[in-house]
Amino acid sequence: MAKDEDVKLVGSWTSPFVMRPRIALNIKSVHYDFIQETFGSKSPLLLQSNPVHKKIPVLIHAGKPIAESSIIVEYIDEFWSSAPSILPSDPYDRALARFWASVVDQKFFTPMKASMGAEGEAKKGLMNQAVEAIGLLEEAFGTLSRGKAFFGGDHIGFVDIAFGSFLGWIRVAEISNGMKLIDAAKTPGLDGWAQRFSAHDAVKDVLPDTAKLLEFSKLLAAKLKEKH
């Protein structure tokens, strides 16, 4: 990987939002130090670097902090502007990519997160919302990919990173709920895409191990139930 100015990423291996800048940095072949936060606590570095939201991830580049996963990915794409590009060069295509990335967070992640602390019919309803969002993303893949390997075409792009960062948690949800969210029958486009994305050199070493993530999810679910 290329030698760069001082680049640090504050995060956790379990966080899909932290995966986003990790994948982007790998795509750009940028060397960085990964500073792991301890679950259940916030380090002085995190609080100093992101005093507004106090959340991971935070990219610290040459001493300057940048927060929010999508903003960090865009920064990485702009600062290390050599190919491959993460966002399209065409303004309309770039706007579409940002739109579908927001759909991932609002229509998919929001109910998925809420389902972790829910039970019975409430949990079922939230999982159905997530399934509906995956259906929308299956259609979007057909349009955005234009018959190629990724949402971004020949290369991993902005929407690939936004949705692909959740693949580990999708597998955990499938095991926990005894249902397939992405499969060859209902979502053939996404099924093939997920396999290609997971095997990509920029992704495979940062995608969390499913068994370890499943164990962590049990701890997280217990914490969420304590709050209710």
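Is Phe79 buried, partly exposed or exposed? Phe79 is partly exposed, with a relative accessible area of 40%; here buried means under 20% relative accessible area, exposed over 50%, and partly exposed in between, with a 1.4 Å probe and protein chains only.

Colleagues, a word on the basis of these values. This is a predicted model, in which local features need pLDDT of at least 70 and side-chain atom pairs count only at pLDDT 80 or more, while totals for chains, interfaces and linings use all residues. Residues are numbered from 1 along each chain as its sequence is written, and side-chain values use heavy atoms, with hydrogens and water left out.

I turn to the rings. The structure holds 16 aromatic pairs. One of them is Tyr75 with Phe79, a stacked pair at 5.9 Å centre to centre with 20 degrees between the planes. Rings of Phe, Tyr and Trp (its six-membered ring) pair if their centres lie within 6.5 Å; planes under 30 degrees apart are stacked, over 60 edge-to-face, and the rest tilted. Both residues belong to helix H3 (residues 69–79), 4 residues apart, about one turn of the helix; helices are DSSP runs of H or I, at least four residues, numbered from the N terminus. Tyr75 is partly exposed as well, at 25%.

Phe99 and Trp100 form an edge-to-face pair, because their ring centres are 5.2 Å apart and their planes stand at 80 degrees. Phe99 is partly exposed at 44% relative accessible area, whereas Trp100 counts as buried at 17%.

Finally, one aromatic cluster comprises Phe17, Phe108, Phe109, Phe141, Phe151, Phe163, Phe166, Trp193 and Phe197.

Definitions and conventions: Helices (H or I, at least four residues) and strands (E, at least two) are DSSP runs, numbered from the N terminus.
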